[in-house]
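The sequence and model come first.

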Amino acid sequence: MRRSQYQIHEEIYREGTSVPIHFAFGHEAIAVALASNVIEPDRILLPHRNIHYHLALGARPYDLLTEYKLGISSVSGKRLGSMNLDFPQKGAIYTSNILGNNLSVATGIALGIKVKREKAVTWCVTGDGAIEEGSFYESLLLSSSKQLGVIFVIENNRWSLASEIVERRVDIDLKLLAESLGSQYEKLFGNNVVEYQAKLSEIREKCVESSSTFVVEIDLKTLGGYFVGEGGSSRYVNYHAGKAQHHSIASRVIEYSNLDPVWVSENFINNDASEDGLK
Amino acid sequence: MTQETSYANYINYRLNEYVKTLNYGVFFGQNVVSGSRISGLGAKMEENRNLLSFNTQNSENSLFGLGFGLSIQGVPSIYLMKQHDFALLAMDHMVNTRRLLQSTSNRASFLVIMVVVDSGFEGPQSNLNNLDDFFSLSNCKIWLLNSKEAIDAAFQSERQDFEIFAIAQSTLKKILSPVDNFGVEGGFSFERDSFVAQDSLPLLLNCGLVTKGFQECVNSLKNDGIKFHAMKQVEMNLETNLNFISKISSKNRKIVIFDASKSINKLSNQIAILLAEKGLRVLQINRGDYADWSYVNHDQFEINYLPVLQFLNNV
């Protein structure tokens, strides 16, 4: 999956295009674990950073590339670009480029599932930036109050654009917040796909059985960041979107290899990042 | 329903008739299944066994998201809300979510019924109770429930995936005037056969939710024996409205447009521009400079009839 992301990255920025893809280097483990736990008719609602879920759900890199360039492929079948891309045949039915808009839509879908008496959960992915929006609090309250089967997956990379949590707010105790609103809480860390799969399977089962709301916080690191400034004033900045610093992809992966041992050599990517390679 | 009734009761009656056509649905909003409901709107809706009806928390943004989510899932819903200005909190959903959903299949209807608070003495936020700016931002389909024929037209129209029914607070408890000879076309209601004749009689046109001043002016002119046509906007829909106005406008016709909106971005301005471009003589009656919405005020649309009379009598 990471190789596929690198391939798309290299191909789409080869000609200097400005498509604002939010790559998810380092986020792959949760995407694979979630995708493997989706059972029809489960629903998935994604945020603007969604490439890893689409790949995990089975989208071909070439098709993603086509959609990013506003073509039509078998992924969404529409011209949705990168930040609104959905994948309805795999259950990913709504993706919001507006921070936090997918949260409340998830509550409506979950209520619809309840009204129709379907055995399914609604997976709603968001991040540590979006939980600062009022929509997170409102949706969590709504979901818990109506006993809706929503699993809110919070990808916590501790960054919003180029601001770390410590620069913008106090630490939110998500466990305390979730439980105070009547939701259940779990935290996953370590990027172990097998462990993540097992845990999400257990959570999904509880969610369906008890029709209850879960908050699952994922501790992860986004790779592909870079340093600004020189010498003593040099500062690390997290990768957010668009073109990653080319030289930094491989070197930063090595730097963070203790946290994330999965990486792909730059030479390998370059040799394979062609349209034919993506197909 | 034939007996004399209020706007709120008639809307409830129509809403119940609509709900009976559904296999299942969700009815929600703040205080909609208890107490006075929304000034009487929504009374006894929970007695419909095919509906899941419940009172909600106070979070308009998320409640719009709830309705759009139900729509995706194929479950029709009705969201009844009191103050129209709180819907501004959900503008992201109306602009973004709604447009994204237009390409999804099997959506169910999401109907929002909202009360525009025009009863006055509300403070600066009364400036936000204006549908024109709301319409301009969202480009939503909005029905104006400002008469019996408008309510009938709104409920008789085919339900869309998302639409808004707006009702003025000042009219909720009022008795509906009986109507028996009205048609609705192009987003306007008018006396049937009125525009079949290709005459050049003046046209009095009311835009927006408030009709009080317009109606008083119409009655006064009729008492004075002046002949004219009268139309009321019942649906805010730029394309439909402009097409219809364009169709029925002959060059010799004088047109008086009444609009109580507090917006400087009125849909009626677009209509006036279109008519002026066609060479018609147009008089716009709007709120005057006295309307300072930064302060608490009585919120009444005051009309000076003299300019209207002068305009109509001036050859």
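**Pockets and a serine contact**

The side chains of B:S170 and B:D118 are joined by a polar contact of 2.7 Å (a pair of N or O atoms within 3.5 Å; within protein, one able to donate a hydrogen and the other to accept it, with sequence-adjacent residues counting only if both atoms are side-chain atoms). This is a predicted model: local features need pLDDT of at least 70, side-chain atom pairs count only at pLDDT 80 or more, and totals for chains, interfaces and linings use all residues. Residues are numbered from 1 along each chain as its sequence is written, chains are lettered from A in the order written, and side-chain values use heavy atoms, without hydrogens or water.

**B:S170**
- B:S170 sits in the loop between β6 (162-168) and β7 (182-185) of chain B.
- Its relative accessible area is 32%, so B:S170 is partly exposed (between 20% and 50%, 1.4 Å probe, protein chains only).
- B:V210 is 40 residues away along the chain, yet the two C-alpha atoms are 8.9 Å apart.

**Largest pocket**
- This pocket holds about 810 Å³ of space.
- Its lining has 38 residues; B:Y7, B:T211, B:K212, B:Q215 and B:K232 lie nearest the centre.
- α6(B) gives the most to this lining, with seven residues.
- By class, the lining has 16 nonpolar, 10 polar and 12 charged residues.

**Second largest pocket**
- This one holds about 350 Å³.
- Its lining has 22 residues, with A:H48, A:R49, A:L99, A:G127 and A:G129 nearest the centre.
- β3 (122-127) and β5 (159-160) of chain A each give two or more residues to that lining.

A pocket here is an open set of points on a 1 Å grid over the protein atoms alone, where a 1.4 Å probe fits, with protein on both sides within 12 Å along at least five of seven lines; lining residues have an atom within 4 Å of a point.

How values were computed. Points joined across faces, edges and corners; volume = space filled by probe spheres on them. Helix = DSSP H or I, 4+ residues; strand = E, 2+ residues; numbered from the N terminus. Nonpolar A, V, L, I, M, F, W, Y, C, P; charged D, E, K, R; others polar.
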